[in-house]
Amino acid sequence: MVFEYIVQGFVNVMDPFVIGLMILGISLGILMGSIPGMTATMTIAVLLSFTFTMEPAHGMMLLLGIYGGAVYAGSIPAILIRTPGTPSAAATIFDGYPLSQKGEAGRAIRVSTVSSFVGGVISVFALMFFSPVIANAALRFRSPEFFALAVFGLTIIASVSGDSLTKGMISGLLGMLVASIGIDPITGFHRFTFDIPELLTGVEFIAVMIGLFGIAEGLRKYSEGIDENQEKVDQDISGLLPSLSDIRAIAPVSTASGVLGALVGAIPGAGGDIAAFITYNEATRWLKNATPSFGDGNIRGVAAAESGNNASTGGALIPTLTLGIPGDSVSAILIGALLVHDVNPGPGLYKDEPVLLYTIFVGFLIIYVFILLFGLLGANYWAKIINIPKQFLWPIILLLCVIGAIALRGNLFDAWVMLGAGLLGYVMRLRGYPLAPMVLGLILAPIAEVNLRRSLALSGGSLDIFLGSPLALLILLLSVLTILLPTARALRGTA
């Protein structure tokens with residue numbers, strides 16, 4: 001029966017009109033995702049109303065095309081200008097930008113494209129064949145498990161701190177401090193708001209991220225003086241496909257990261273940014289003797305991050321379609337798009353709308369095939385962007401940063417937040433403080449804080465609630481081992 005639904009879904013998506021919608025959605029997604037700050041969530045929210053008059057399957061193909069295209073394209077500015085187009089591409093910077101500095105931007109984008117395809121396809125197959133099982137497992141996550149997952153994510157700071165763990169920890173704590181600004185979500189107490197109304201809801205994470213990476217990098221360029229002869233890096237733009245040696249190198253890590261990314265994405269609220277950081281961290285742990293080392297332009301670092309964040313897209317649809325619980329902000333909008341057509345996501349969807357469901361599955365699979373084609377055909381052209389004369393390139397980038405920071409909420413205050421974060425990031429770079437731990441602190445601290453306090457409230461202040469959850473206990477033990485094992489090896493090496 002499942003095979004028949006898959007065949008029917010394939011027939012439905014082969015309609016020229018549906019293919020046109022998928023290509024339109026992918027093109028819009030790639031365009032918007034490659035501009036820092038223009039997230040998939042915002043793009044889909046803006047274009048959602050255009051799908052109200054369409055058939056449900058047609059509207060979903062357009063929206064899923066935008067979703068997949070934007071998540072993939074976030075890696076392009078991350079590789080070229082050290083500024084992620086979307087939050088989920090932040091981990092791609094670590095090895096993507098060093099490759100670009102070596103004149104291998106085209107190679108990095110091709111590897112990113114193939115890894116995104118691998119991660120996306122794995123997540124769609126998980127969605128197609130294992131979604132009820134994965135969704136039920138993901139639903140076992142309660143406050144103790146979410147807190148443990150956030151702590152595990154924070155241990156990644158040890159991997160992305162560069163030469164100084166102390167500076168990495170300070171950077172991470174600074175991110176946690178910024179994340180605490182606003183009204184306390186439980187007590188309502190005002191924290192670091194200084195009677196500024198715009199700070200009551202906290203600072204906008206995306207504006208901070210654009211400032212830390214985009215504005216700070218621009219300030220560094222201008223402070224050092226833009227010398228065209230010194231800045232220009234000859235990019236290798238030969239070939240359309242990654243080399244066989246690159247494919248052999250990234251195949252295992254892309255596959256493993258795709259599986260892990262789909263599982264993390266299936267956890268409601270986790271999202272692509274957490275999935276990318278976790279898969280990147282696991283790659284650095286399991287391939288610790290890699291050459292070149294992670295952070296110096298290792299293509300497997302690009303593959304791990306991109307496969308992980310793209311796998312989270314299909315993973316996020318697992319609880320969305322199976323249980324009616326959105327996996328991330330984009331899937332929440334997709335639920336709204338289905339409800340407009342009286343289609344109720346949840347367990348009944350498999351019984352009531354099996355053809356629509358498998359049309360969505362097959363369509364999302366085809367979308368990733370198109371992303372692979374578009375990405376490989378366009379890689380060399382995008383790599384040329386970095387060689388646009390710097391006196392023209394950086395004003396354009398800074399303008400796009402300002403537009404991206406304001407566009408998400410339409411709030412001018414976010415531009416000031418972005419500028420402040422840019423100045424902070426510039427000073428931190430001058431002093432040798434890594435920026436990635438601060439981003440991790442910003443993303444994970446609110447999740448850790450809220451779920452720790454909820455857990456303690458449920459247990460009456462007792463930590464036994466973590467001991468009573470085997471899953472939370474396992475994740476916390478893994479977190480401790482993640483920190484202790486490298487420390488023990490370092491001590492043994494110096495003994």
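Visitor: Which helix gives the most to the lining of the second largest pocket?

Guide: Helix α21, residues 436-459. Six of its residues belong to that lining. Helices here are DSSP runs of H or I with at least four residues, strands are runs of E with at least two, and both are numbered from the N terminus. The model is predicted, so local features need pLDDT of at least 70 and side-chain atom pairs count only at pLDDT 80 or more, while totals for chains, interfaces and linings use all residues. Residues are numbered from 1 along each chain as its sequence is written, and side-chain values use heavy atoms, with hydrogens and water left out.

Visitor: How do I read a pocket, and which residues lie nearest the centre of this one?

Guide: Picture a 1 Å grid over the protein atoms alone. A pocket is an open set of points where a 1.4 Å probe fits, with protein on both sides within 12 Å along at least five of seven lines; lining residues have an atom within 4 Å of a point. Here 42 residues line the second largest pocket. P87, E204, F205, I206 and D273 lie nearest its centre.

Visitor: What volume does the second largest pocket have?

Guide: About 980 Å³. That is the space filled by probe spheres set on the points, which are joined across faces, edges and corners.

Visitor: Next, salt bridges. How many are there?

Guide: Look for a side-chain nitrogen of Lys or Arg within 4 Å of a carboxyl oxygen of Asp or Glu. The count is 10 salt bridges. Take E104 and R107: their closest N and O atoms are 2.7 Å apart.

Visitor: Where do R285 and E282 lie?

Guide: Both are in helix α14, residues 271-286. They sit three residues apart, about one turn of the helix. R285 is partly exposed at 29%. E282 is buried at 12%.

Visitor: What is the N to O distance between R142 and E145?

Guide: It is 3.7 Å, and the two side chains form a salt bridge. R142 is partly exposed at 45%. E145 is buried at 3%.

Visitor: Which residues are linked in a network of salt bridges?

Guide: D184, R191, E449 and R453.

Visitor: Now the rings. How many aromatic pairs does a search of the whole structure find?

Guide: A pair of rings is described by the distance of the centres and the angle of the planes. Rings of Phe, Tyr and Trp (its six-membered ring) pair if their centres lie within 6.5 Å; planes under 30 degrees apart are stacked, over 60 edge-to-face, and the rest tilted. The search finds 10 aromatic pairs. In one of them, the centres of Y5 and Y358 are 5.7 Å apart and the planes meet at 20 degrees, so the pair is stacked. Y5 is in helix α1 (residues 2-13) and Y358 in helix α18 (residues 354-384), so the pair ties together parts 353 residues apart in sequence. Y5 is partly exposed at 23%. Y358 is buried at 6%.

Visitor: How do Y280 and F294 pair?

Guide: Edge-to-face: 6.0 Å between centres, 85 degrees between planes. Y280 is in helix α14, while F294 is in the loop between α14 and α15 (299-323), 14 residues apart. Both Y280 and F294 are buried. Ring pairs also join them with F94 and F277 in a cluster.

Visitor: Which residue lies over the face of Y433?

Guide: K167, at 5.2 Å from the ring centre. The rule asks for NZ of Lys or CZ of Arg within 6 Å of the ring centre and within 35 degrees of the ring normal.

Visitor: Last, contacts. What does S171 touch?

Guide: Contact means heavy atoms within 4.5 Å. Leaving aside neighbours within four places in sequence, S171 is in contact with M428, P434, L435, P437 and M438. S171 lies in helix α10, residues 165-179. S171 is buried, with 0% relative accessible area.

Visitor: And which residues does T279 touch?

Guide: S257, L260, G261, A304, A305 and G308, not counting residues up to four places away in sequence. T279 is in helix α14 and is buried at 1%. V259 is 20 residues from T279 along the chain, and their C-alpha atoms are separated by 9.5 Å.

Definitions and conventions:
Buried means under 20% relative accessible area, exposed over 50%, partly exposed in between (1.4 Å probe, protein chains only).
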